[in-house]
Amino acid sequence: MRAGERLALAIPATAEDLAVRQKAASFIGAVATGAWNVEAHTADTEEALQTQPIESLHDGIHLAAEGDVAAYKMIEMNAITDFVERIIKSGNINKINMMADAAGAIQQHGQTLESVQANSLRYASKGRQMRARVEAETRNAFRLSHYYNQGTLNEYNLVTFSRVPDDMSDSDMRKAGFFLDTMSCSIQVTSAAGNQLATELGFVAGVGQRGAARHDGTAITDLVSQFGLNVAGMSATELLDSPLLIHKSLMPDGVLDLVRRYDAAAGGTFFGENKPPQDYYAYRDMCAAREASFKPTIDKIVAELIAEAPTITSRTMATERLNKISGKQAIHLAAENMSINPDVFGTESSARIEIARWHLEKGNRELAAREILEAVKTDRSNSCPSGSSDSKDGPESGSNTNTEEDGDCEFTSLECPECHKKNVKTTVKIIIEKGARKKHISGACGCSKTVDAA
């Protein structure tokens, strides 16, 4: 595509996209047959030969344990992305920085985009629907590389919309790691300046509030139509597979411009939720400050992963350990950080966190720590959804009865924060009080507490 043509267009409608799709299809086939590996597809340049390619998180952990700085940064990036997406399902903006090497291969701290997609195809595409999504994301990675190497991304943004599936049952979506309370949608905007690239991500809710009808499809259709394009009637996967090129002059504030348009199209929401409007620029700054405040926790996750390097013997294990450690650290933070919605950790874990917060309010730090440990055992949080067969299907302890749809839960708390009776049967029920959604926590001992619910 040459500058000076159309200011906005759908990439699949371009003649050149056929060749890009064919290249992606060959890559998908090579990964499926085991014919693709990162060493064989690393450019034979002096720069590339001096840099050891990082094919996976597993490789990064072991290289970082040997002192490799780029590998450490790669693990840190994975930890930040996992942690933020795990605890913030909507109402967030963040950025992923990338660069291109002398041969034009795009990479993130030593790991090429092709390697990232190869791992997704191998390990995160179980099930027909998730496989279709990962293959669409793979085509988008090849489209990104194509337009970067053409120089197009110096003038245009590559825009992608990733909605919660509309061809899966609620149960299957939960197993794949989607958070249905918000039906989150990721708006992704990638641009380039020289050999530096950046993807801005805006996370918006697909429903105004929990249980409401979805508005993400119609809002995005309206948003896209404002650029003279049509995505009406597309499924979530078809939309994901239909990225746009939009001239930077039409969206000077990057992803923030699209979030603003999305909110207007959704009827006056704020990041897709039925919340009072705020200043978007100030909110973007808040998102950056919030992410920076997580650094001590991110450092703990990275340190623990590197310390476990001798026992992490496979790519699957590396991903599992990041998932477990990130979830554990997120729960520890959520117990004291009231801005984190505990519902992202699942019904029983959420209830345990509420009990831990109650203990902390009373100064019972040791008892709070014990409830946090129980919350970790029943953690069901996820970051990036996948169809992996290793995703969490339920609590490890099996001690609770719960209904994910309504958030009600019964379990045995270790000790009542008020009367200190031990092993108390505890019930958490969602109630509506003066139009607001609340959690009512009550123990068989007679003590109770009501807290705000997301």
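1. How many nonpolar, polar and charged residues does the lining of the second largest pocket have? By class, there are 21 nonpolar, ten polar and 15 charged residues (nonpolar: Ala, Val, Leu, Ile, Met, Phe, Trp, Tyr, Cys and Pro; charged: Asp, Glu, Lys and Arg; polar: the others, Gly among them).

2. The model is predicted: local features need pLDDT of at least 70 and side-chain atom pairs count only at pLDDT 80 or more, while totals for chains, interfaces and linings use all residues. Residues are numbered from 1 along each chain as its sequence is written, and side-chain values use heavy atoms, with hydrogens and water left out.

3. The second largest pocket has a volume of about 1200 Å³ and is lined by 46 residues, of which Glu273, Lys275, Asn341, Ala453 and Ala454 lie nearest its centre. On a 1 Å grid over the protein atoms alone, a pocket is an open set of points with protein on both sides within 12 Å along at least five of seven lines; a cavity is a set where a 1.4 Å probe fits but cannot get out; lining residues have an atom within 4 Å of a point. Points are joined across faces, edges and corners, and a volume is the space filled by probe spheres set on them.

4. Helix H14 (347–361) is among the elements giving two or more residues to this pocket lining, and H14 gives the most, with five residues (helices, H or I, at least four residues, and strands, E, at least two, are DSSP runs numbered from the N terminus).

5. The second largest cavity has a volume of about 60 Å³. S12 gives the most to its lining, with three residues, and the lining has no charged residues.
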